[in-house]
Amino acid sequence: MSVFSLLAVSGPVVHIAPAGVLTIHGVVITNSMLYGWMSIVVISVALIWVARIITIKPQGGFVQFVEAGVEFITNLVHGAFDDKEVAYRYTPYFVTIFFFILFNNWLGLLPFVGEGIQSNNYPLLRPFTADLNATLSIGLVTMAMVYGASIKESGGFAKYLRHFFVGSPKNPLYFIIGLLEMFTDLTRVISLSLRLFLNVAIGEIVIGVFSYLGHVIAPLTALPFTLIELFIGALQAYIFTVLATMYLAIAVNHTNEHQREEHLTDVVDPETMGQLQPAGAK
Amino acid sequence: MDFAQAVVINTAIIGKGLMIGGGFIGPAIGIGLIGGNYLSAVGRNPEASKFLGQALIFVAIVELFGLLAFASIFIVK
């Protein structure tokens with residue numbers, strides 16, 4: 001379905017939905033699935049190789065980049081959780097999902113991916129994250145992990161539901177606010193997956209349009225937008241990870257309750273209240 | 001006698017134009033507000049510039065609605 005159907009000249013042809021390119025025993029394999037498998041092989045080989053040759057002394061190149069990314073996300077996750085053991089338990093998943101989305105977004109900017117190579121008028125390869133099926137599955141798996149982990153860390157389904165309600169659930173106002181919070185929780189899957197899909201798919205469309213506008217000098221006109229897509233791909237991977245971490249951290253952190261109960265029994269001395277205390281005094 | 005002539009109006013294009021026009025105002029204003037508040041906070045206290053990452057996160061959350069408006073082009077026939 002072409003975008004500029006109103007103009008007399010034929011406009012750039014952009015495809016949003018994936019199209020089947022192979023059929024194996026009656027199962028249709030789409031171009032996104034095909035490129036997804038290729039990306040998975042490349043990402044797995046690259047990251048397993050990095051994990052094998054990593055040393056305490058810093059190295060340069062791709063290994064340093066992966067190390068920097070891992071440290072970045074680890075600091076993020078440890079800053080979000082109060083309890084260090086919980087943070088150590090869930091950091092590997094968030095680091096993995098960050099690198100998975102990042103490399104899938106970046107591998108979709110290679111020149112042979114997109115409208116260049118065509119198999120009967122459909123592109124042969126498309127970026128994996130430019131497919132709503134793919135991002136919906138990433139979002140579902142992530143939110144399933146977040147729900148499962150928050151139920152396990154809260155210690156039961158009832159205690160997990162309890163954290164939605166700010167005060168007591170018997171108060172009608174807090175009850176309605178709690179129901180609204182639960183509903184917002186359900187829309188998180190859709191918002192996470194739609195945000196990732198739309199950013200990558202619209203980037204592909206923009207690159208396609210600007211490649212069409214510069215017929216012969218297409219690499220030159222599409223270059224600024226490819227660089228923007230590099231930045232946007234990285235930013236969207238980071239945002240997905242940050243939001244998933246925040247969703248888990250909200251459900252798991254119980255500091256506010258403990259702080260309220262702990263400080264109820266602090267003894268305040270009326271003579272020294274308000275004066276500067278020497279360092280170390282309570 | 002005058003017969004009324006049927007005029008074919010392509011309402012799909014009108015609908016798409018309205019959706020794009022109306023749908024991009026909101027996120028544009030929202031992102032401008034976020035940027036303005038971030039800059040005024042940095043102007044008052046230069047140490048607040050370490051929150052640039054969080055400001056960009058809010059920009060991406062707001063930008064979702066702009067992208068949803070853009071995606072509606074491909075949904076309306």
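Two residues are in contact if their C-beta atoms, placed from the backbone, lie within 7 Å. The model shown is predicted, so local features need pLDDT of at least 70 and side-chain atom pairs count only at pLDDT 80 or more, while totals for chains, interfaces and linings use all residues. Residues are numbered from 1 along each chain as its sequence is written, and chains are lettered from A and ligands numbered from 1 in the order in which they are written.

**View 1. Chain A and its elements.** Chain A holds 8 helices and 4 strands, where helices (H or I, at least four residues) and strands (E, at least two) are DSSP runs numbered from the N terminus. Their order from the N terminus is β-β-α-α-α-β-β-α-α-α-α-α. Of the contacts in chain A between residues at least 6 apart in sequence, 61% join residues at least 24 apart. Of its 282 residues, 28% are buried, that is, with 20 or more other C-beta atoms, placed from the backbone, within 10 Å of their own.

View 2. Where pLDDT is low, the predicted coordinates should not be read in detail.

**View 3. The side of chain A that touches chain B.** Here 12 residues of chain A are in contact with 10 residues of chain B. Helix H6 (172-213) and helix H7 (218-252) of chain A each supply at least two residues of this side of chain A, and H6(A) gives the most, with 6 residues.

**View 4. H6(A) against H3(B).** Helix H3 (residues 52-71) of chain B packs with H6(A) at an angle of about 65 degrees, their axes 9 Å apart; axes are lines fitted to C-alpha atoms, for helices over the stretch in contact, and angles run from 0 to 180 degrees between N-to-C directions. Among the residues making the contact are Leu194(A), Leu198(A) and Ile202(A) of H6(A), together with Leu64(B), Leu67(B) and Phe70(B) of H3(B).

**View 5. Chain B as a whole.** Chain B has 3 helices and 0 strands, and its C-alpha trace spans about 80 × 25 × 5 Å along its principal axes. Buried residues make up 5% of its 77 residues.

Notes. A residue is buried if 20 or more other C-beta atoms lie within 10 Å of its own, exposed if 12 or fewer, and partly exposed in between; C-beta atoms are placed from the backbone.
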